[in-house]
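This briefing is intended for a reader who is new to protein structures. Please consult the sequence and the model shown below while reading the points that follow.

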Amino acid sequence: MFKDRTSQILLAALVILLVAGPFAPRWAMFLLNVSLSWGVVVLGMMLLMRTGLVSFGQGLYYCLGAYAAGVLHSKYAVSDIAIMLLASIATAGLVAAVLGLLLAKYRDIFFAMLSLAFSMILFGLLVRSSELGSTDGFGLSVSTFAGMALPEGWDRYAVFASAVVATFVSAWAIHRYLNSHLGRLAGAIRDNELRVEYMGASVRRVIHLNYVISAVLAGLGGGLVAITIGHVDPEMAFWTTSGEFVFIAILSGTGNVLAPFLGATIFETVRSYAYEILPNWWQIVLGVTMLLVIMFLPGGLWSIFVRGRKAT
Amino acid sequence: MDQYLFIIVDGVIYSSWLFIIAVGLTLIYGVMKILNVAHGSLYALGAYAATSLGGYWIAQGQPPMGSYAMLILAAILVGLIAGPVIERGLLRFMYGKEEVVLVLVTYAVFLILEDLSKLVWGVDPLSIPEPYSLLGNLEFGGLIYPTYSLVVVLASIVVGVALALVLSRTRQGKILQAVIHDREMSAAMGINVSRVYLVTFTVGAILGALGGALTAPTISVQPGIAADVIVLAFAVVVIGGLGSLGGAALGAVIVGMVRAWAVHKWPEVELFSVYAVMAAVLIMRPKGLFAIPEARKI
């Protein structure tokens, strides 16, 4: 099961991060925690991009996942990490299963626009719902994992470990999926969906499936960010959040499941420093980087690693 | 009954504003097939430039009526500088790429311009209230409206009629229509397509900046307005059908009326209603209300 290189790297990263976690300084753990959560969202984005679709509305599921965890805490007094994350996944997955019925018919900018409209609908609803804190959102906290109380001082590590395990499971599952018969259809659909239909596969069903998977990952990422930061707000569904996911996905490239995590870590690290040192240059850096990647590195950062080797 | 009158008047004012911010976007898409995310930034730049030029004019002690000319001058200046720089400096290397990639390219431009405007104008809110306060108020149907709203309505009618006339009655307009219909064939017939693109993008940029410049007197100009406006403009042009002038007008009226209705009748759903209509139209007519059917290419 772990014979190929990507799986081995994933497994090694899982062990190293879990062991090194308790010894890492708090800021590093936090930074890595947020990066991995964003990486999970971008992993879903990458799956969509492999299918030839760019969504400007992944914020919808990211926000739903976060609010699902938040509402459990604030309305139902649940503060169990496992239950919260399951709720994030379930909420995002259910909504995507329904919206996917519609979106699977759309391509190109129309897919981008309709997904944008859906996420802005959620934004518009949350901004006006005073019960859920309107534009300010609300806070949440965690105290147990699957019923087990977290020992004093270990709650941050529990969140971090959850993110690491969730990252490992999703990355590894997507890695296996992409190499399966069904997963390989994604690239074929991007290249020429008419031919895929002639071969007897249902393009709509594959797109629907990939859409739901990407939404589940975005929901999971949102839930992880919610329990990491301890706060949720409607900005998570605003289109600029989705734009940042698009940015990281372009930067990372779609070549390998490790790429989104690499991209997200670079993004979060540069952002946390850029905000302090040059607050008004951050987006210029982003924009210029994005243009350079589009023009000179269409395969994203990941293509640097596979240069000279045959891309899979 | 009166309430419906207010809704209609509010709707007309809001629709006019929406049309001005969206018309440049649909023009650029129609001709160049670029869904220009940076259109929101041009709006913001127009608004910022209007506060600077207008503020300078007032500070010089010039006749305050001239500040209207300053708003328009600001829009033209922004469009004439930013349009050619973006088109010649960047977009022309991107033609032929997929539409989605072009969205990403203009999104990158959007990000760059966001920070550029912060670097030039700072992050504090700016304002240019004179053109707004100067005109006073107007009573209509028992309610008091700022006269400046009438200026916006008139401006949007002028812009819409002028564009429609140029497109249908002039030689340049015919050339533009030829390019919209078939770029390669027009090039083969001797039309200088790259010049048409440059002019179109510049005109679109001026229109975007004009939207900002005309809005500047009514809002406080600060970071974030570009991101708010571009999604609204998207909603308007997507509802009407991308690239269609009539579509943009219809989209503006629909969004404007729906929002005015929501504000009066059901304020909780104000923001939500706009995007709900956008999603509903995309679901019923995936390419918008005025879309031209396209053959499926293999």
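Chain A and chain B together bury about 3,900 Å² between them, and 79% of this area lies on carbon and sulfur atoms. The model is a predicted one.

**The contact between the chains**

- Chain A contributes 39 residues to the contact, and chain B contributes 44 residues.
- A:Ile109, A:Trp239 and A:Gln283 provide 16% of the area that chain A buries against chain B, which is more than any other three residues supply.
- The size of an interface is often expressed as the accessible area lost when the parts come together.
- Between chain A and chain B there is 1 salt bridge.
- A salt bridge joins the side chains of A:Arg128 and B:Glu270, with a distance of 2.8 Å from N to O.

**A nonpolar patch on the surface**

- A nonpolar patch on the surface has about 920 Å² of accessible area together, and its members are A:Trp27, A:Tyr273, A:Ile277, A:Leu278, A:Trp281, A:Val285, B:Leu116, B:Leu119 and B:Val120.
- Two or more residues of the nonpolar patch come from each of these elements: α11 (259–277) of chain A and α4 (99–121) of chain B.
- The element that gives the most to the nonpolar patch is α4(B), with 3 residues.
- B:Leu119 is located in helix α4 of chain B.
- B:Leu119 counts as partly exposed because its relative accessibility is 35%, a value between the limits of 20% and 50%.

**A hairpin in chain B**

- Strand β1 (residues 137–140) and strand β2 (residues 143–146) of chain B pair in the antiparallel sense over 4 bridges.
- B:Phe140 has B:Leu143 in β2(B) as its bridge partner.
- The hairpin formed by β1(B) and β2(B) has 2 residues between the strands, and B:Gly141 in the turn has a positive phi of about 60 degrees.

**Two buried helix residues**

- A:Ser170 belongs to helix α6 (residues 155–178) of chain A.
- A:Ser170 has a relative accessible area of 7% and is therefore buried, as the limit is under 20%.
- Apart from its neighbours within four places in sequence, A:Ser170 is in contact with A:Val40, A:Leu43, A:Leu217 and A:Leu220.
- B:Thr202 is found in helix α9 (residues 193–215) of chain B.
- With a relative accessible area of 9%, B:Thr202 is likewise buried.
- When residues up to four places away in sequence are not counted, B:Thr202 touches B:Gly79, B:Leu80, B:Gly83 and B:Pro84.

Conventions: Residues numbered from 1 in each chain as written. Chains lettered and ligands numbered in written order. Predicted model: local features only at pLDDT ≥ 70, side-chain atom pairs only at ≥ 80, totals over all residues. Heavy atoms only, no water. Buried < 20%, exposed > 50% of the residue type's maximum accessible area, 1.4 Å probe, protein only. Contact = heavy atoms within 4.5 Å. Patch = residues over 30% accessible without salt bridge, like charges linked within 9 Å, V, L, I, M, F, W, Y side chains within 5 Å. Areas by Shrake-Rupley, 256 points an atom, 1.4 Å probe, with all protein chains shown as cover. Salt bridge = Lys/Arg side-chain N within 4 Å of Asp/Glu carboxyl O. Pairing = 2+ DSSP bridges. Buried area = accessible area lost by both parts, 1.4 Å probe.
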